[in-house]
Amino acid sequence: MNKTTSETMIKQPQKPLLEPERYEFTSIPLHHFDLARREFFKLLGAGIAVFAIAKNSQAAQETAPSHGFHPQDLPSDISAWLHIGEDGAVTAFCGKVEIGQNIRTSLAQTVADELRVPFESVRMVMGDTALTPFDAGTFGSRTTPTMTPQLRRVASAARDLLVEVAAKEWNVAPESLKAANAKVTDPASGRSLTYASLARGKTLAQNLPAEDPVTPPSDWTVAGKPIPKVDARDFVTGRHQYTPDLRPAGMLHGKVLRPPSFGAALVVYDDSAAKSLNGVVIVRDGNFVAAAAPTEHEASTALAAIRATWKEDPLKTSSRDIFSYLKNNAEAKSNDRHRNQKGFVEGALAGAAHRLDAVYTVAYIAHAPLEPRAAVAEWSGEKLTVWTGSQRPFGVRGELADTLRIPESNVRVIVPDTGSAYGGKHTGDAAIEAARLARAAHRPVKVVWTREEEFTWAYFRPAGVIEVKSAIAPDGKLVAWDFHNYHSGSSGIETPYAVPNVRTEFHFVPLVLRSGSYRGLAATANHFARETHMDALAHAAQIDPLEFRLKNLEDARMRAVLEAAAKNFGWPRAKAQNRGFGIACGNEKGSYVATCAEIAIDKDSGAVRVVRLVTAFECGAIVNPDGLRNQVIGANIQGLGGALFEAIEFENGRITNPRFSRYRVPRFRDIPEIEAVLLDRKDIAPAGAGETPIMAVAPAIGNAIFNATGQRLTNLPLIPNGLKGT
Amino acid sequence: MPTPLELEVNGKRYPVHYNPETPLLFVLRDELGLTGSKYGCGEGQCGSCTVLLGGQPRRSCQIPVSAAVGKPVTTIEGLEKDGHLHPVQQAFIDAGAFQCAYCTSGMIMSSVGLLQSNPNPTSADIAQFLQGNICRCGTHPRIVDAVHQAAKAMQERAR
């Protein structure tokens, strides 16, 4: 096993552990913040500003640093802020990033809604470590549940401040005034003042009061509406600049010499020929070898001219035998944090009427974001600025400071709106590579990973083995549930079904391939195993799979999504030749999903086609139904890949299918008819929506295949080579 | 060896000095600053780099720059005319047919190519034609809708 990863794993429990399988977190950044109040107004001009303070524990853990602020200027735990300029322009700041999930739009909606201004007057500044408050990262479906309420409270406080200013001006009680449409109005006299005129000539700053009531979802006017994506025109004209599109003056292109296999060490090295090439800068630092040159072609030519011999240390396993390897290498004692027990499982299993055990496996898969990892680094003296597509700008700042041995206060990380991530862009690899080269070259350097690098040197959704033992009573009620996940992770591991005797356990296995977050994390693996197993139990009990689930469910929100999906799908469906119908459900991160799938089988070729998916989703009050629909349908389509055919293959420490021609992702002809049924619960605070809708896709399809063929598929992907290959 | 070549891109002529084997994509992006065409795979598998070459949609990462000499090249930057979006661009906005939007330039260029040869495609025609364009965010149904909307708008305009 690779040494660095083992150290990483040992250190892990000391960190703020948000998700146990976030293997890619390697260090706690030291958080500095250097934008003092005086500078804030210098930067943005006069006006009115409000700063949010994260007090509740979950939000504080994610959005507030523990130290490093200037306490005389700003409180130590600011999570968001907002500025209203003398022209009435509203700028809201938060450290989250836009990666296609549409939060630049939904967060601006929230601010506009609460501040009572037109949507168009709000601009979001996001993901810039010099301008935005500290934020742990954009992951875990946390933006809507944690950032939305904070921005709402900031906007609410700013509105109160504007009302107070107007009240003072008119010498009336603030309670008698109304704020609407970017104006404060006095209904008694009919007078009104625009926010712009109220902000003029002021440098008023206020910290957020501890509690300030915000507008309930039932009274939203701008939020809750299907507002189109901001900056849409820039995206359809090619004007938006993603990180790979940036070209600062004098920039060089950087390329990294990759080892032939994971864990290989450089033993012979000669760069004299490469160094003699015109305009080329070579950096060697341990096993890190890279070149920068005026063009990408020249940088590649320089790397090719380097004589390097590597000593390989091949992995002890390959994609063919990974599952037995994981099972055999699990650590004997798992962390208590990942273990849950209720009742007496062994006894209940032994004495039950129906007993069903099964083993499920899940392959490594890649995020394959269409924008590969990329960074542009530019030094100005000791100060470093890096533009990079990352979900953790502040984390990357910490990685850069650590690696380059410079103070964090000298590093600025800016995240341009990014060509997707899906959990795959938590680390600062490309940023570090570009910065290291730029320091040597004394010029800006851009590093853009090739697709092959992206498929090889990024990290993967971890593979896993899941063992389930279960028992039901003659009436179809669950009596025992014993669920063990090896390696792939613990999120979504707890069963939502009512069972008197339960044991769930996550078994830690040291890393084989570099692994990390992925949309839905291990919840996809755990739901695949659980919901496939529930289907098998329903079949054993000879009960309809929907009825069987409802019989064992007490959670009203779960029942509601199941019933909504079933109703829109037309469940139960009459048996049809070469057609199958499946259902699955789950809950995670405060939201609920149920998917019904219809598949068609070509008996001759064994090809399986997904014909129709109906996914019901509920995440509390809906902030933007159009953006949410895009996310839910997108998650269903992305889920098709992992369900049907995506799998990373590896052997001798090499990825053997690191190309789109060898790694199949969903394409247009794979896309079924998809219906998203959105349940809007205005009485429940909004939860995130980026991940959960992916979870029920694979088991619903697998269950539909069983329904059509009687063949129970227990491995993800289900049919990489069609049914005949299974 | 770098060679002097002349390209015609979006109606303008550009003298460039490049290795003739260099993929057109890199010349467009690095030399001409037309970064709307994206690198996604370098093997013609994802369609993010699609441009019109002599009016036909082509993967610019697979075209040596020398093969583009003497043929007009249209990139995403060349579709907008006098501040007016091409109907396909407008349809992508109206249908909300993007999430991260990294694939959008390529999707639009391929769709423009499709509608030139097939002004009234069925959903199956669109899926078939765009099979070589990858969208990882899963916006496919809206992209198909956008192409239908654009087809309708272009036919109405032609009338």
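Author: Let us begin with a term: domain bounds here come from an automatic or database domain assignment. The model is a predicted one, in which local features need pLDDT of at least 70, side-chain atom pairs count only at pLDDT 80 or more, and totals for chains, interfaces and linings use all residues. Residues are numbered from 1 along each chain as its sequence is written, while chains are lettered from A and ligands numbered from 1 in the order in which they are written.

Reader: Which domains does the assignment give for chain B?

Author: Chain B is assigned domain 1 (3-78) and domain 2 (87-158). Taken over C-alpha atoms, the centres of these two domains of chain B are separated by 21 Å.

Reader: Let us move to helix α3 of chain B. Is it largely enclosed or exposed?

Author: Helix α3(B) is largely enclosed by the rest of the structure, because 12 of its 14 residues are buried. A residue is buried if 20 or more other C-beta atoms lie within 10 Å of its own, exposed if 12 or fewer, and partly exposed in between, with C-beta atoms placed from the backbone. Among the buried residues of α3(B) are Thr104(B), Gly106(B), Met109(B) and Leu115(B).

Reader: What covers them?

Author: The cover includes α7 (232-236) of chain A, together with β3, β4, α2 (87-95), α4 (123-129) and α5 (140-158) of chain B.

Reader: What is chain A made of?

Author: Chain A has 19 helices and 29 strands. Of its 726 residues, 56% count as buried.

Reader: Which strands form the open sheet there?

Author: An open sheet of 7 strands in chain A has the order β11-β12-β9-β19-β16-β17-β18, with mixed pairing. Two strands pair if DSSP finds at least two bridges between them. At the edges stand β11 (281-285) and β18 (411-414) of chain A, each with a single partner strand, so one side of each is left without a neighbour in the sheet.

Reader: In what sense do β16 and β17 pair?

Author: Strands β16 (residues 374-380) and β17 (residues 383-388) of chain A are antiparallel, paired over 6 bridges. Within that pair, Leu384(A) in β17(A) is the bridge partner of Trp379(A).

Reader: One last topic: what about β3 of chain A?

Author: Strand β3 (residues 90-94) of chain A is largely enclosed by the rest of the structure, because 5 of its 5 residues are buried. Val90(A), Ala92(A) and Cys94(A) lie on one side of β3(A), and Thr91(A) and Phe93(A) on the other. In a regular strand the side chains alternate between the two faces of the sheet. Strand β3(A) runs parallel to β4 (residues 122-126) of chain A, joined by 5 bridges, and Met126(A) in β4(A) is the bridge partner of Cys94(A).

Methods:
Helices (H or I, at least four residues) and strands (E, at least two) are DSSP runs, numbered from the N terminus. Two residues are in contact if their C-beta atoms, placed from the backbone, lie within 7 Å.
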